[in-house]
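Open the model in your viewer and keep the selection tool ready. This tour moves from one selection to the next and says what is there.

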Amino acid sequence: MKIREATIEDLSSIQSIYNQGIEDRIATLETALKDDSYMLNWFHQHQDRYKIIVAELDEEIVGFASLNPYNARDAYKGVADLSVYISRQARGKGVGTLLLDEIEKIAINHHFHKIVLFTFPFNELGQGLYRKKGFREVGVFKNQGILDGQYVDVMAMEKLLRS
Ligand SMILES: CC(C)(COP(=O)(O)OP(=O)(O)OC[C@H]1O[C@@H](n2cnc3c(N)ncnc32)[C@H](O)[C@@H]1OP(=O)(O)O)[C@@H](O)C(=O)NCCC(=O)NCCS
């Protein structure tokens, strides 16, 4: 397994993996599948410190993680929001762990002091991964979003990278 920075050539694989996460209704409140122009815009918004990395196995992209802007205010420049998505057939096999190990190093090298994320409490693999990697539950927003006509709770988690 190779973990490396994403290039534009990886974008269609990233798009497929992200859309699987949307279809599976366990990862995000997004319900509309993302098209090429959305993904291109997303890729170009990830500049400088806001890195995207991919996991590559036998020349196939099986997962990605990204550091996303958390808030445009200067006071929050040390806080990154995290996304991580693994392709269906590669979930539960340690790929997320490898991506988080690497993205954490990258975040520290780019002077982030904290990573935050928002996840569904019922995302068992996500909970397993984040808690194993030392993320702390900040709290649960009750009925925070509507997914397919139903309210869903959203959990905020955080990891301090340096004190
Ligand atoms: C959530 C996700 C990123 C986790 O990545 P992953 O590669 O599947 O996770 P890993 O295999 O590295 O597992 C991490 C830990 O979860 C735990 N775990 C594994 N299988 C589990 C299961 N069936 N139930 C609960 N916890 C489990 C284990 O502690 C595991 O670590 P260990 O194997 O060293 O003990 C991935 O499953 C995924 O992309 N899911 C769909 C999209 C998504 O939900 N993204 C997150 C949005 S917040």
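A salt bridge here is a side-chain nitrogen of Lys or Arg within 4 Å of a carboxyl oxygen of Asp or Glu. Keep in mind that the model is predicted. By this rule the model holds 16 salt bridges.

**Stop 1: a pair within one helix**

Select Lys105 and Glu102. Their side chains meet in a salt bridge, 3.9 Å from N to O. That distance falls within the 4 Å cut-off. Both residues belong to helix α3, residues 95-109. They sit three residues apart, so about one helical turn separates them. Now colour Glu102 by accessibility. Glu102 counts as partly exposed because its relative accessibility is 28%.

**Stop 2: Glu158 and its two partners**

Select Glu158 next, together with Lys114. Here the side chains form a salt bridge at 2.7 Å, N to O. This pair links distant parts of the chain. Glu158 is in strand β7, residues 150-160, while Lys114 is in strand β5, residues 114-119. The two are 44 residues apart. Are they buried or exposed? Both Glu158 and Lys114 are buried.

Compare the accessibilities of the two partners. Arg136 has 46% relative accessibility and therefore counts as partly exposed. Glu158 has 13%, so it counts as buried.

**Stop 3: a charged network**

Clear the selection, then pick Glu23, Asp24, Arg88 and Arg91. A network of salt bridges links these four residues.

**Stop 4**

Zoom in on β3 (residues 60-69) and β4 (residues 79-86). These strands pair in the antiparallel sense, over seven bridges. Opposite Pro69 stands Ala80, in β4.

**Stop 4**

Phe141 is placed in strand β6. With 37% relative accessibility, Phe141 counts as partly exposed.

**Stop 5: a buried lysine**

Select Lys133. The residue lies in the loop between α4 (124-132) and β6. Is Lys133 buried or exposed? It counts as buried, because its relative accessibility is 16% and the cut-off for buried is under 20%. Display the residues around it. Beyond neighbours within four places in sequence, Lys133 is in contact with Thr97, Leu100, Asp101, Glu104 and Lys159.

**Stop 6: a buried asparagine**

Move to Asn123, in the loop between β5 and α4. Asn123 counts as buried because its relative accessibility is 12%. Which residues does Asn123 contact, leaving aside those within four places in sequence? They are Ile26 and Ala27. For scale, draw a distance from Asn123 to Ile8. The two are 115 residues apart in sequence and 29 Å apart in space, C-alpha to C-alpha.

**Stop 7: the start of the chain**

Finish at Met1, in the segment before β1. Met1 has a relative accessible area of 46%, so it is partly exposed. Show its contacts, not counting residues up to four places away in sequence. Met1 touches Ala55, Glu56, Leu57, Val62, Val95 and Leu98. Last, draw a line from Met1 to Ala156. These residues are 155 apart in sequence and 30 Å apart in space, C-alpha to C-alpha.

How values were computed
Residues are numbered from 1 along each chain as its sequence is written. This is a predicted model: local features need pLDDT of at least 70, side-chain atom pairs count only at pLDDT 80 or more; totals for chains, interfaces and linings use all residues. Side-chain values use heavy atoms; hydrogens and water are left out. Two strands pair if DSSP finds at least two bridges between them. Helices (H or I, at least four residues) and strands (E, at least two) are DSSP runs, numbered from the N terminus. Buried means under 20% relative accessible area, exposed over 50%, partly exposed in between (1.4 Å probe, protein chains only). Contact means heavy atoms within 4.5 Å.
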